[in-house]
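Hello,

Here is the structure I promised to pass on. My notes follow it.

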Amino acid sequence: MEEKPGTKGAAGRWRTGRKMLPFAVLCLMAALALFAAGCGGGPAPGEAVGEGEAGKRLNVVASFYPLYDFAAKIGGDDADVINLVPAGVDSHDWSPKLQDMRQISEADLFVYLGAGYEGWVDDFLGALAPGEGPLVVEASHGAALIRISGNGGTHSAADGDDHGHDHADGNGHELADGHGGGEGGRGHDHGNNDTDPHVWLSPKQALVLAANIKNAFIGADPENRADYESRYAQLEARLHDLDAKMTKMAAEAKQKTFIVSHESFGYLARDYGLTQIGVMGLAPDAEPTLGKLEEIRGEARKLGIRYILFEELVSPKVAETLAESLGIDTLVLNPLEGLTEDQLHAGEDYFTVMERNLTTLAIALD
């Protein structure tokens, strides 16, 4: 029987066909295993707060910013939440170091996206000794994921409909939703994965992520269930409000197609009846061919598109060159894979960025 996200039970299932991680990362994993084996005492990772030290806050690690923000909002004063990816760093370019692995292994709860986003997660969890490690939740479980076909096309599918390659976990750290998170060797290897991972950019799918995180908090700390559910209800209401605004914007848009430098907005486009044209596809550092650029120029001219959207934390050079060749302007659309130090100090979060994205899209689609 499949487990519900955020609960402990039968051993989880793992997806096969993963690439091996770089040798240096494997060495770090081995060092972590020795570190974990030598540690003792204290409450067990994932132990409910009420069962350990009185007043202990839940120690939570999130794999990148959107999950961190949702976890911090749900955890409130009952949790210490850590974002693995530093501010201002593009999570496409990030891979864990020994200190990051230690933080995860010592946590009560580890939240990661899955859907192929964190290619290192399966190998990391597999390197932990039996009985070691945190409670784990794959936040994208149950979302309507976009699958990438061999010819570059996409289709949507409820999560879990094609994970046919399973084998027993064998470790003591259960995967909360019953299967591992992704394939590939490093961070964000879209080229070797069949799923678009940018699920958090649609408020409709973000509701699924938030619910899974809430359930995981309750599983790790049932004594504070009422507080987690109360804070989750506030988060849920804000996501529903954002969903309503996005629906209204898309319905009123004169133009239904937008051009974006990095094809991150497939879920937003699908869920709100829009079409994205990506200059560089799913991988932000992939160079577009001359043929692809000419195809995009043709579409822009035919549809009367007035803007090309590029993202923060990635060079805008290609987008700006293309826009200049078409005599049109550029705007910034943030894929929310990480915030800068300045944005964090200014109090920015998932909602302020998504509201700004909403305004940007309204301008681009007018």
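Which residue is the bridge partner of phenylalanine 310 in strand 11? It is valine 332.

First, the basis. This is a predicted model, in which local features need pLDDT of at least 70, side-chain atom pairs count only at pLDDT 80 or more, and totals for chains, interfaces and linings use all residues. Residues are numbered from 1 along each chain as its sequence is written, and side-chain values use heavy atoms, without hydrogens and water. Helices (H or I, at least four residues) and strands (E, at least two) are DSSP runs, numbered from the N terminus.

Four strands form an open sheet in the order 9-8-10-11, with parallel pairing (at least two DSSP bridges between two strands). Strand 9 (275–278) and strand 11 (329–332) are at the edges with a single partner strand each, so one side of each has no neighbour in the sheet. The twist averages 35° from one strand to the next (angles run from 0 to 180 degrees between N-to-C directions, with axes fitted to C-alpha atoms, for helices over the stretch in contact). Strand 10 (residues 307–310) pairs with strand 11 over four bridges.

The helices on it. Helix 9 (residues 317–326) lies across strand 10 and strand 11, at about 175° to strand 10.

The helix pair. The axes of helix 5 (residues 203–220) and helix 6 (residues 225–252) come within 9 Å and cross at roughly 175°. The two are therefore roughly antiparallel (over 145 degrees; under 35 is roughly parallel, 65 to 115 roughly perpendicular, the rest oblique). Their contact (heavy atoms within 4.5 Å) includes Leu207 of helix 5 and Tyr232 of helix 6.

Best wishes
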